[in-house]
Amino acid sequence: MKTQEGLFTSNLLGGNTENGLAIKDTPEIKAYSSQEILNKVILGDALKVLRKLPEEFVDMIFMDPPYFLQLPNKKLKRWTVKTEVDAVNDDWDKFASFEEYDNFIKNILTELKRVMKPNATIWVIATYHSIFRIGKIMQDLGFWILNDVHWVKTNPMPNWLGVRFTNATETLIWAVKDKKAKKYTFNKDLAKEFGIGKVGANVWVLPICSGKERLKDENGKRLHSTQKPIELLKRVILTSTKKGDLILDPVAGTGTTGYVAKTLKRDFVMIEVNENYIKGIVERFRKPLKIAEEPFPRSTKVNNYLGLEGGE
Ligand SMILES: C[S@@+](CC[C@H](N)C(=O)[O-])C[C@H]1O[C@@H](n2cnc3c(N)ncnc32)[C@H](O)[C@@H]1O
């Protein structure tokens, strides 16, 4: 994988912290206590930072790793209107081979397992490009899968070339660290409310992150190509944690996990390797924390979209 080590040498963070939110990892730091990283985002390589964290100290993990999309190295044009597609072609998504990608995922998951409390749970989200590999690696490492939750996007990016189905889903694997773990947090009433149909099944229907929610860079362009919607994290956090729990995100991007965690009165620790994204997170936290309280979209709209009974 291409690293972003160069970014570490600049001083965007204005020293080691800004707002008391960001910490820059360095080789001199050998270990972190849970107290010194509470509600912080650490600028550093997750593989290096995770090894410095204490054992069994987090209640829940949300990981949204690189997808390894393997898009062709050329500009993608829409078939009909010939305009350029804003694809996910970031350096952080590039690996030399499946082997390199698998090793990256395996090494991170190994450390994540170590820092999970015995009854903690972990969510990992990905598309068809990598979710099957991630699931196998998780099972091989002894994680016990509780569910896969299917996120159905109401506004997916169409398959512009028209050569395959439009991919409108991402999969979230929800797991405990081993088969023995029993007393994990599961708020079944909320799970039922968020899922589809009368039984509240494991399908969440909601749009991708857009509009005002999307963080912008100084040129007004989207800061991050795969910022996750607040509503997605809200569902993850409300169904699988209690107030005061500690949530870890080792590949934080725009910091959606920590942002929603804090708004819902949970604590967080985040790690992110890209200094520009950390800057975006610091900006995001500067404004008053705010997320919609109402479930979104309303179930009537969801039913309508899926052609289920009870639509508008
Ligand atoms: C799919 S994005 C996460 C998006 C995030 N969930 C959000 O809502 O913005 C994956 C992130 O992993 C980060 N990343 C990749 N390799 C990393 C590493 N070794 N350590 C820490 N972060 C890494 C990338 O910079 C990227 O922001």
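**Backbone angles and a helix pair**

I began with K265, which counts as exposed, with 10 C-beta neighbours inside 10 Å. The cut-off for exposed is 12 or fewer. I note that the model is a predicted one.

I placed K265 in the loop between helix 6 (256-263) and strand 9 (267-272). Then I read its phi. K265 has a positive phi, near 65 degrees, and is not a glycine. I flagged it because most residues other than glycine have a negative phi.

Next I went to N39. Its phi is also positive, about 60 degrees, and N39 is not a glycine. I found N39 in the loop between strand 1 (22-24) and strand 2 (40-43). Buried would need 20 or more.

Then I turned to the helices. I wanted two values, because packed helices are described by the angle between their axes and the distance between the axes. For helix 2 (residues 98-115) and helix 3 (residues 131-140), I have an angle of about 45 degrees and axes 10 Å apart. That angle makes helix 2 oblique to helix 3. I logged the crossing of helix 2 past helix 3 as right-handed.

Which residues meet there? From helix 2 I listed D102, I105, K106 and L109. From helix 3 I listed R133, I134, I137 and M138, which those residues meet. I sorted the contact of helix 2 with helix 3 by class: five nonpolar residues, three charged and no polar.

Key
Residues numbered from 1 in each chain as written. Predicted model: local features only at pLDDT ≥ 70, side-chain atom pairs only at ≥ 80, totals over all residues. Axes fitted to C-alpha atoms, helices over the stretch in contact; angles between N-to-C directions. Helix = DSSP H or I, 4+ residues; strand = E, 2+ residues; numbered from the N terminus. Parallel < 35°, antiparallel > 145°, perpendicular 65-115°, else oblique. Left-handed = near helix turned anticlockwise from the far one by under 90°. Contact = placed C-beta atoms within 7 Å. Nonpolar A, V, L, I, M, F, W, Y, C, P; charged D, E, K, R; others polar.
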